[in-house]
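The paragraphs below go through the salt bridges of this model and then through a pair of helices. Please keep the sequence and the structure in view while reading.

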Amino acid sequence: MNFDAVTLGHILIVVARLLEMFSFGMVLLFIFKGVAIKHIFLTAGVTVGGILISIFGYLGNFLSPFASFAVDAFVFSVVIAIAFYAFMEKREFRIKPPPPPPKGARCPVCGGFVKSEDDYAVAREGKDLLYFDSKEHLESFLENFQEYKRLRKLNFRRVEDFYIKGSKGWEKVEDLGNRRYNKPHEV
């Protein structure tokens, strides 16, 4: 196929707008997936900046259709790089063990202080962490979740993962239930 310059310019502009739509879609995906707000604003800023440069450069005859497409392709590649970094950062948070308990952390079951030298356990919902001074208290908390939630006025809807000091990483709550009760653990 042999396209004239005008037709090729229109094709490039349409493809550039599709890349911009993908970039905005990535911003929406970040919002729904719970990615850090810094990545959302960075992606939105890069996308809007690229659109403004591309459109006003083309309409003001500062940029040719090829240069406008190059700007959009560059912005698209930056958005992909930000997305890769953001999702890897989120994945790393879910894999690595939690930090030691902060000073003054209290067990939601007994109210005792949780110290980093103790054999503590941690429950997680999203980025929220609850520290327990023993594995038994974590199990008791999971068995009576609704009661502790109401009694302690906790903002947890459900416990996603748990960590026991000395283990290699986070484990799913269902694994604790299967190990202890030989049936799925419902929270």
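Lysine 38 and glutamate 89 join their side chains in a salt bridge, with 3.8 Å from N to O. A salt bridge here is a side-chain nitrogen of Lys or Arg within 4 Å of a carboxyl oxygen of Asp or Glu. Because lysine 38 lies in helix α2 (residues 37-59) and glutamate 89 in helix α3, the pair ties together parts that are 51 residues apart in sequence. Helices are DSSP runs (H or I, at least four residues), numbered from the N terminus. Lysine 38 counts as exposed, at 51% relative accessibility, and glutamate 89 as partly exposed, at 27%. The cut-offs are under 20% relative accessible area for buried and over 50% for exposed, with partly exposed in between (1.4 Å probe, protein chains only).

The model is a predicted one: local features need pLDDT of at least 70, side-chain atom pairs count only at pLDDT 80 or more, and totals for chains, interfaces and linings use all residues. Residues are numbered from 1 along each chain as its sequence is written, and side-chain values use heavy atoms, with hydrogens and water left out.

By the salt-bridge rule, the count is four. One of them joins arginine 17 to aspartate 72, at 2.9 Å from N to O. This pair also links distant parts of the chain, 55 residues apart: arginine 17 is in helix α1 (residues 5-33) and aspartate 72 in helix α3 (residues 65-95). Arginine 17 is partly exposed at 24% relative accessibility, whereas aspartate 72 is buried at 2%. Arg17 and Asp72 belong to a network of salt bridges that includes Glu20.

Glutamate 139 and lysine 135 have their closest N and O atoms 4.0 Å apart; both residues are in helix α4 (residues 135-143), four residues apart, or about one turn of the helix. Glutamate 139 is buried at 10% relative accessibility, and lysine 135 is partly exposed at 30%.

How do the axes of α2 and α3 cross? They come within 9 Å and cross at roughly 175 degrees, which makes α2 roughly antiparallel to α3, a term for angles over 145 degrees. Axes are lines fitted to C-alpha atoms, for helices over the stretch in contact, and angles run from 0 to 180 degrees between N-to-C directions. Contact means heavy atoms within 4.5 Å. The residues that meet include Lys38, Leu42 and Val46 in α2, and Asp72, Val75 and Glu89 in α3.

Definitions and conventions:
Helix = DSSP H or I, 4+ residues; strand = E, 2+ residues; numbered from the N terminus. Parallel < 35°, antiparallel > 145°, perpendicular 65-115°, else oblique.
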